[in-house]
Amino acid sequence: MKATLAQLAALVGGTVQGDPELELSGVAALEDARAGEITFVARKKYLPLLSRSAASAVIIEPGLSVDRPALVVSNAYLAFSKILAHFHPPAAPRTGVDPRAFVEEGVVLEGEVSIYPFAWVGKGARLGAGVILHAGVAVGEGVTIGRDTVIHCNVSIYPGVTIGQRVIIHSGAVLGSDGFGFVPAEGGRHQKIPQVGGVVIEDDVEIGANVCIDRATLGVTRVGRGTKIDNLVQIAHNVKVGEDSIIVALAGISGSVTIGKGVTIAGQAGLGDHITVGDGSTIAGQSGVAKDVEPGSVLTGTPAIPHVLWRRVQACVPQLPEMVRKLQNLDKRLRQLEQQKEKD
Amino acid sequence: MKATLAQLAALVGGTVQGDPELELSGVAALEDARAGEITFVARKKYLPLLSRSAASAVIIEPGLSVDRPALVVSNAYLAFSKILAHFHPPAAPRTGVDPRAFVEEGVVLEGEVSIYPFAWVGKGARLGAGVILHAGVAVGEGVTIGRDTVIHCNVSIYPGVTIGQRVIIHSGAVLGSDGFGFVPAEGGRHQKIPQVGGVVIEDDVEIGANVCIDRATLGVTRVGRGTKIDNLVQIAHNVKVGEDSIIVALAGISGSVTIGKGVTIAGQAGLGDHITVGDGSTIAGQSGVAKDVEPGSVLTGTPAIPHVLWRRVQACVPQLPEMVRKLQNLDKRLRQLEQQKEKD
Amino acid sequence: MKATLAQLAALVGGTVQGDPELELSGVAALEDARAGEITFVARKKYLPLLSRSAASAVIIEPGLSVDRPALVVSNAYLAFSKILAHFHPPAAPRTGVDPRAFVEEGVVLEGEVSIYPFAWVGKGARLGAGVILHAGVAVGEGVTIGRDTVIHCNVSIYPGVTIGQRVIIHSGAVLGSDGFGFVPAEGGRHQKIPQVGGVVIEDDVEIGANVCIDRATLGVTRVGRGTKIDNLVQIAHNVKVGEDSIIVALAGISGSVTIGKGVTIAGQAGLGDHITVGDGSTIAGQSGVAKDVEPGSVLTGTPAIPHVLWRRVQACVPQLPEMVRKLQNLDKRLRQLEQQKEKD
């Protein structure tokens, strides 16, 4: 899986500085690259590291001048990603249904699929061509999975969930579990509200390990095309996430929240129920949001406030004990003046 | 699965306004309901939405006047929940032990059970009548599961765990894993404390997807009757949760915590070890509690303080930079007065 | 599994007070111990509880005087832990590969192993002697597992992961899932960066239930010898955790973080990407750390500040509304003085 500098340039749409026939065997980070490999420098400040790197070539953006053959591209990181994919093509999956898997009667396989040992597919399910179900995956009755979707080991998909094309679902994720809905009943008991809605995962979504996406009470919980969800995220019933959004690990999205397009919800952030987060917004890590968020907002803190304000506020927080002392001091000095005044 | 308005009224104990023979085919939210379906209006403020709804009938509480046939009940949301269950009866599970499952010798099945492919039941386990084990469930040696309990795909239950009747456990949950207990040993090492206690889940508990409930070091970790636990919650060793409590997604309950009855622990809240949370308390989302909580408290923040105080405090937080400026300003003005005083 | 006081003393390296031939049948906490059992008192303040305990003997540290036979040791809690292990030896696992498990061709079993039903081991994997794979475990192609490592039900291990000796991995944990890495591409889309690195888990690590440890983009994600990870923790791509550290439930460690030796990351804490946490540091529960942490630091809060300062700050926080009022009051009084001054 070698490639010349010229071949890599063609792959990513860049231009070559130096020998176009230089043959490269891999791509690696600045610190790790060995002779024969290409590395990348996305920012000028990393240039000093390059001089110590054993890499035989480097991916750079225009305007950087370097000491070895280079591939010049408009977006070094994107080119790196494509070249990495070139040097590490995904392993070809075994094809067919392993005899130790079990596909129930009446399941529709729309083309060649790969189903590993101990995976189970319930009645009425439909799998597109190129679908891979790894070991121990459970696909409930009536689930639809689009072509080239990959589902890793021990994922659980409840009945009726709909999954698009080229979706990647990591191990341990759960799609379609019951929404957390109860009505107060007699004696302080909680009466379960049947959760009869669905889950729709659109094309090109990636879902991290041990993520939970609950089915809707009525209607659907939906994750929009191209959205990427990190590990251990909670998506409650009836949530709608727009396209191309990012939800980072351990974030919690409460019931009936609507998240727009291109939104970033950082790690461990929490969104209260029934709110709307406008397109292009960013919610910082560990923030707690209980109100609607305007498009393009950048919020931080619990309760979340504009990030710029939050930074100014946080700079003051450690001064609080000093502020208390200053208040006492001012009060004392003022009292002295007031007393003198009275005497005068 | 159709029903007349009169039949629904009988089901939920309500009275009919309009044609009791009106036939209904389903129940749906205001925005989604189609002709032939019944919807519900739990609060007066949603009445304007009703006028635009295609629903043929509506569930309301006394005192609301509406433009179509209605079912009048004391608790609209509870009636909605019951009617939803009527229109969506759970799918009848297949019965019997699938030949691709494996039940070890000496397991006691107390009646008809449903065991799906690739579920495994260890020696000495005992399953009540009506128990459903979905695909990939692992039930360790000596586990007891009460009647009509449903365990979804890929749940892991360690040896010796005791589960009551009508419990629902969602996919990926883990019950009975080792408590996180170590003793400092030589050289900064951590010596594992054997975790030899148990886990008891009482009747009518619901446990969300990917929840973790650790076994006790000694004694038991216990979740009380009717308590509902959302996805991705951590319940550490030796925790006791009372009856009819609610623990929302991503909350973390540390070792040996005692939670009372009717308590609500909101999402991403954390409770420090060995504390007691009194009956009927509410801990708000993302709060951190390190001290005992009096019954009936409503706490927010880290460290958690009474919610009413927290709200007042949070209203001040964004003013901190302004407060710092005001302090400087006051000091300056005061100094001028003081200097004048000295001159006088 | 009975033992005399003298035998227990030999086991833990302690001395006996009272009858060395006293026979004991178990160990239990002060409140739970029955006649015939030994209990322990780690701190003087628990001595009053001892007088009410039915325990026949007690583990104490030097300097405590008690009313019954005692085992005197330098570290009561450590001795308790060892005695607990003595009275509760782990159940002997069945040995061999269950016929319902599936081990692919070319897997190397270096000695007697225990593989339970529906566990799957991919091609090229290598398992040390004494390895136990519980039901439903999935071990990807080329994974290496050291001797005496125990992997509980439904754990998922991606291809190429390396696991040391005597490691314990609890149910539902996922090792080697893709790092969460994307490059902004045209139209706001997120282009996946191939995640081609590995995961190395060193000897004597314990990994909690439903933990996620992502593989590195390039290079490895590494967890150092003896480190203990609680349930539901997220370890992102390229993280390095040193030896003998502790990471508590629901903590989130972002990409490329380096954690030293003997560090404690408490529950629900979050570490921002690319930071370094020095040896011996402690990050308190729910804290958020975005900057490098000096060795030996104790930090709390979001953003995290020294714990001692945090405590002083938090003592002031509830006074904020009062501080706002005081500022207004000072301003008003000062204005009066200033106005009088002008009149003078």
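Domain bounds here come from an automatic or database domain assignment. In this predicted model, the assignment divides chain A into domain 1 (3–87), domain 2 (96–307) and domain 3 (316–344).

How are chain A and chain C related? A rotation of 120° with 0.0 Å of shift along its axis superposes chain A on chain C, with an RMSD of 0.0 Å. The two copies are therefore related as by a three-fold rotation axis.

The contacts between chains come next. Where chain A meets chain C, 53 residues of chain A and 52 residues of chain C take part. On the chain A side, helix 3 (76–87) and helix 5 (320–343) each supply at least two residues. Helix 5 of chain A gives the largest share of that side, eleven residues. Sorted by class, the side of chain A that touches chain C holds 25 nonpolar, 19 polar and nine charged residues.

The contact between chain B and chain C takes 52 residues from chain B and 53 residues from chain C. Several elements of chain B give two or more residues to this side, namely strand 21 (174–177), strand 22 (182–184), strand 23 (190–192), helix 4 (307–316) and helix 5 (320–343). Here the largest share, seven residues, comes from helix 5 of chain B. The side of chain B that touches chain C is made up of 27 nonpolar, 19 polar and six charged residues.

Inside the model, the largest nonpolar core has 213 residues, and A:Ala119, B:Ala119 and C:Ala119 touch the most other members. Leaving aside residues up to four places away in sequence, A:Ala119 touches A:Ala101, A:Leu133, A:His134, A:Ala135, A:Gly136 and A:Val137. As a general background, nonpolar side chains tend to be buried together in soluble globular proteins.

Strands can be followed well in chain C. Twelve of them form an open sheet with mixed pairing, in the order 8-11-14-17-20-25-28-31-34-37-39-40. Its edge strands, strand 8 (96–97) and strand 40 (305–306) of chain C, each pair on one side only. Within this order, strand 17 (residues 150–151) and strand 20 (residues 168–169) of chain C pair in the parallel sense over two bridges, and C:Ile151 stands opposite C:Ile169.

Other parallel pairs can be traced too. Strand 19 (residues 162–163) of chain C is joined by two bridges to strand 24 (residues 198–201) of chain C, with C:Thr162 opposite C:Val200. Strand 24 of chain C also pairs with strand 27 (residues 220–223) of chain C, over four bridges, and there C:Gly198 stands opposite C:Val220.

Finally, some backbone details deserve a look. Most residues other than glycine have a negative phi, and most peptide bonds are trans. Against that background, A:Asn154 has a positive phi of about 60°. A:Asn154 sits in the loop between strand 17 (150–151) and strand 18 (156–157) of chain A. Is A:Asn154 buried or exposed? With 35 C-beta neighbours inside 10 Å, A:Asn154 counts as buried. C:Arg166 has a positive phi of about 55° and lies in the loop between strand 19 and strand 20 of chain C. C:Arg166 has 17 C-beta neighbours inside 10 Å and so counts as partly exposed.

A cis peptide bond joins C:Thr302 and C:Pro303, with omega about -5°. C:Pro303 belongs to the loop between strand 39 (298–300) and strand 40 of chain C.

Technical notes
Residues are numbered from 1 along each chain as its sequence is written. Chains are lettered from A and ligands numbered from 1 in the order in which they are written. This is a predicted model: local features need pLDDT of at least 70, side-chain atom pairs count only at pLDDT 80 or more; totals for chains, interfaces and linings use all residues. A nonpolar core is a set of buried Ala, Val, Leu, Ile, Met, Phe, Trp, Tyr and Cys residues joined through C-beta atoms within 7 Å. A residue is buried if 20 or more other C-beta atoms lie within 10 Å of its own, exposed if 12 or fewer, and partly exposed in between; C-beta atoms are placed from the backbone. Two residues are in contact if their C-beta atoms, placed from the backbone, lie within 7 Å. Two strands pair if DSSP finds at least two bridges between them. Ala, Val, Leu, Ile, Met, Phe, Trp, Tyr, Cys and Pro count as nonpolar, Asp, Glu, Lys and Arg as charged, and the others, Gly among them, as polar. Copies are superposed by least squares on the C-alpha atoms of residues with pLDDT of at least 70 in both.
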